Amino acid sequence: MKRPVLRTGVRWKISIAIAAVGALIAMALSLVVHNAARVSMLDNARDVQLTRVNLAQRVYEMSKKDPRFNTKVNDPALPKDLQKLMREKRRGTYVDESHSGPPIIWAAVPLANGDVLSARTEFAGRSAGVMKDLDRALIIGSVSVVFGGCALGVLIGGQLSRRLRKAAAAAATVAEGNTDVRVRDAIGGVVRDETDDLARAVDALTDALNERIEAERRVTADIAHELRTPVTGLLTAAELLPPGRPTELVRDRAQAMRTLVEDVLEVARLDSASERAELQEIALGEFVSRRIGALKSGVEVRVVHESWVSTDPRRLERILFNLLANAAKYGKPPVEVTVEGRVVRVRDHGPGFPEELLREGPSRFRTGASDRAGTGHGLGLTIAAGQARVLGARLTFRNAAPEGMSVPLGMSGGAVAVLWLPEHAPTNTGSFPMMPVSD
């Protein structure tokens with residue numbers, strides 16, 4: 001069972017991390033400041049209380065009258081800790097926080113006659129107001145730190161995320177075949193970070209792959225070119241053999257080898273991106289009907305809508321014949337060709353294209369699944385796709401019935417290849433002309 005995956009951006013991850021760290025730091029600092037301020041104010045209140053009791057003691061011992069300044073003699077509520085100090089003839093203070101409400105500040109001094117003079121005051125009023133103002137300021141400061149951290153995280157994460165998206169887009173462009181794109185140039189920026197290291201690594205990988213592909217293409221082209229002359233001589237020599245079955249076999253294999261060599265050379269030329277289309281204006285429906293009719297292959301051609309296109313007839317014919325050859329080899333009749341405007345569809349009624357081809361596109365020397373006869377070299381569709389790129393066209397592949405679904409009674413499946421010719425033909429440099437705004 002596949003576990004659900006939660007996708008989040010780098011921007012939000014960094015923002016949440018900075019906000020969380022800021023909140024923890026703000027909370028810790030707030031607690032430290034709150035406790036330090038409270039302890040300091042309590043200590044100050046205890047000193048004030050003790051000073052008042054000392055003053056009351058001097059007045060009481062001099063006047064022998066009732067104690068002043070809200071003090072009491074032998075208060076029964078005196079805390080036990082202060083009682084212990086009084087028995088030791090020591091003066092002291094005490095903070096009573098054993099009950100709900102504000103703390104109570106006690107101060108007591110022993111008298112000469114053995115009595116105890118004490119005073120008690122609630123820690124409230126101005127001191128409590130100061131603590132509330134301090135707590136409010138700490139809360140506001142903590143919230144400001146959290147929101148400031150979020151904003152900073154969004155700013156930093158947004159810049160990093162933007163650079164990564166640019167790098168991913170450039171890498172995707174390279175993967176599509178445009179190897180001139182440099183990831184390092186695409187991300188730009190003045191600040192250098194790990195993203196630049198990643199971009200340089202991708203560019204280095206692209207250069208290495210390009211060099212390897214070019215070397216393989218050159219070797220393949222050289223081998224095919226070197227084989228061309230002996231294969232042509234072999235085919236010529238086969239024509240001089242006396243009639244018979246062995247001669248037919250030799251001629252057939254020599255012709256197959258010559259076709260393979262020519263296909264390999266064509267693929268090498270297409271890979272070099274040096275091919276250019278020789279454009280002509282043609283009526284697409286009439287052209288397709290005439291070329292297929294010359295084959296006398298029993299292929300049904302249907303022109304839904306005629307359209308004039310500017311394209312290379314030789315390359316278009318090559319694409320069309322390769323698609324028909326693939327349908328005849330791997331599919332089942334009837335094979336249908338439909339022309340609708342600038343779109344040409346070739347459909348057979350066989351088992352359909354293999355899943356690998358639908359997912360990755362045609363690949364040389366790979367013919368797909370074993371259920372499609374397992375013969376051939378995989379060059380036919382590769383050449384068709386390459387010629388389509390030269391024409392600026394788009395060649396797509398799909399199956400009439402989705403993979404894994406049974407075909408209902410009365411309906412047939414099959415492979416469908418669709419050639420989409422461009423509205424504007426490519427120039428002799430391989431690019432496309434810019435049309436005026438009025439058009």
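## The chain at a glance

Of the 439 residues in the protein chain, 33% are buried (buried means under 20% relative accessible area, exposed over 50%, partly exposed in between, with a 1.4 Å probe and protein chains only). This is a predicted model, where local features need pLDDT of at least 70 and side-chain atom pairs count only at pLDDT 80 or more, while totals for chains, interfaces and linings use all residues. Residues are numbered from 1 along each chain as its sequence is written, and side-chain values use heavy atoms, leaving out hydrogens and water.

The chain has 10 helices and 11 strands (DSSP runs numbered from the N terminus: helices are H or I with at least four residues, strands E with at least two). Its accessible surface is about 27,300 Å², and carbon and sulfur atoms hold 58% of that (areas come from the Shrake-Rupley method with a 1.4 Å probe; for residues, only the protein chains shown count as cover). Among contacts with a separation of 6 or more, 62% link residues 24 or more positions apart (a contact means heavy atoms within 4.5 Å).

## Strands around β4

Let's look at one group of strands. Strand β4 (residues 116-122) pairs with strand β1 (residues 71-73) in the antiparallel sense, over three bridges (two strands pair if DSSP finds at least two bridges between them). Strand β3 (residues 104-110) also runs antiparallel to β4, and seven bridges join the two.

Which residue of β4 is the bridge partner of V73? That residue is L117, and L117 is also the bridge partner of V109. The hairpin of β3 and β4 has five residues between the strands, and G114 there takes a positive phi near 95 degrees.

V21, I25 and L29 make a nonpolar surface patch of about 280 Å². Patch residues have over 30% relative accessible area and no salt bridge; like charges are joined within 9 Å, and nonpolar side chains (Val, Leu, Ile, Met, Phe, Trp, Tyr) within 5 Å. A salt bridge is a side-chain nitrogen of Lys or Arg within 4 Å of a carboxyl oxygen of Asp or Glu.

V21 belongs to helix α1 (residues 10-63). With a relative accessible area of 46%, V21 is partly exposed.

## An aromatic pair

Rings of Phe, Tyr and Trp (its six-membered ring) pair if their centres lie within 6.5 Å; planes under 30 degrees apart count as stacked, over 60 as edge-to-face and the rest as tilted. By this rule the count is one aromatic pair. F353 and F397 form it edge-to-face, at 5.3 Å centre to centre with 80 degrees between the planes.

F353 sits in the loop between β9 (343-347) and α9 (355-360) and F397 in strand β10 (residues 394-399), so the pair ties together parts that are 44 residues apart in sequence. Both F353 and F397 are buried.
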